[in-house]
Amino acid sequence: MLRETDSDQSLILQMAIKLADFGHFFLPWEQHKEWCARLEKEFFAQGDEESRREMNISPLMDKRSPGVSHAPNQVSFTETFVLPLARKMTDVFPSCAGL
């Protein structure tokens, strides 16, 4: 049940923004692949900057390793983050289930 507190409203808005950030997972395959390539480029640039600063390179940001477009990474991310968040949102807002 949805409660009407500021904290709950803030959490729901945060979840909606994050789910929108994952929107490319729900696009046709070719468009999704384009977004993954953009994301991977951004991640690898961050990894390069971390390396330049002699920091530990964050997961999926080391261009010497498989990135976000690597199929097993896609499956894991989808199962761990995207689908559970989408399910929770449709639990709270059942009318969103068909989107």
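## Burial and overall form

Of the 99 residues in the protein chain, 24% are buried, where buried means under 20% relative accessible area, exposed over 50%, and partly exposed in between, with a 1.4 Å probe and protein chains only. The structure is a predicted model, in which local features need pLDDT of at least 70 and side-chain atom pairs count only at pLDDT 80 or more, while totals for chains, interfaces and linings use all residues. Residues are numbered from 1 along each chain as its sequence is written, and side-chain values use heavy atoms, with hydrogens and water left out.

The radius of gyration of the protein chain is 16 Å, whereas a compact globule of 99 residues would have one near 13 Å. This radius is taken over C-alpha atoms, and the globule rule is 2.2 Å times the number of residues to the power 0.38. Along the principal axes, the C-alpha atoms fill a box of roughly 45 × 30 × 20 Å. The accessible surface of the chain is about 7,600 Å², and 59% of this surface belongs to carbon and sulfur atoms; the areas come from the Shrake-Rupley method with a 1.4 Å probe, and for residues only the protein chains shown count as cover.

## Helices and contacts

The protein chain contains 3 helices and 0 strands, and its pattern along the sequence is α-α-α. Helices (H or I, at least four residues) and strands (E, at least two) are DSSP runs, numbered from the N terminus.

Among the contacts in the chain with a separation of 6 or more, 49% are between residues 24 or more positions apart. A contact means heavy atoms within 4.5 Å.

## Helix α1

Helix α1 covers residues 6-21, and its 16 residues should span 22 Å at 1.5 Å a residue; the end C-alpha atoms are 23 Å apart, which agrees. The expected span is 1.5 Å times one less than the number of residues.

The buried residues of α1 are D8, I12, M15 and L19. Seen down the helix axis, these buried residues fall within an arc of 60 degrees, so they line one face of α1; the arc is that of the directions from the helix axis to the C-beta atoms. They pack against α3 (71-92). On the other side of α1, the exposed residues are D6, S7, L13, Q14, I17, A20 and D21.

## Aromatic rings

The whole structure holds 4 aromatic pairs. Rings of Phe, Tyr and Trp (its six-membered ring) pair if their centres lie within 6.5 Å; planes under 30 degrees apart count as stacked, over 60 as edge-to-face and the rest as tilted. F22 and F77 form an edge-to-face pair, 5.3 Å centre to centre with 90 degrees between the planes. This pair links distant parts of the chain, since F22 lies in the loop between α1 and α2 (29-52) and F77 in helix α3, 55 residues apart. F22 counts as buried at 9% relative accessibility, and F77 is partly exposed at 29%.

F25 and F77 have ring centres 5.7 Å apart and planes at 20 degrees, so this pair is stacked. F25, in the loop between α1 and α2, is 52 residues from F77 in helix α3. F25 counts as buried at 18% relative accessibility. Together, F22, F25, F77 and F81 form one aromatic cluster.

## Residue E50

E50 lies in helix α2 and is buried, with a relative accessible area of 7%. Leaving aside its neighbours within four places in sequence, E50 is in contact with M55, N56, I57 and S58. E50 and D91 are 41 residues apart in sequence and 39 Å apart in space, C-alpha to C-alpha.
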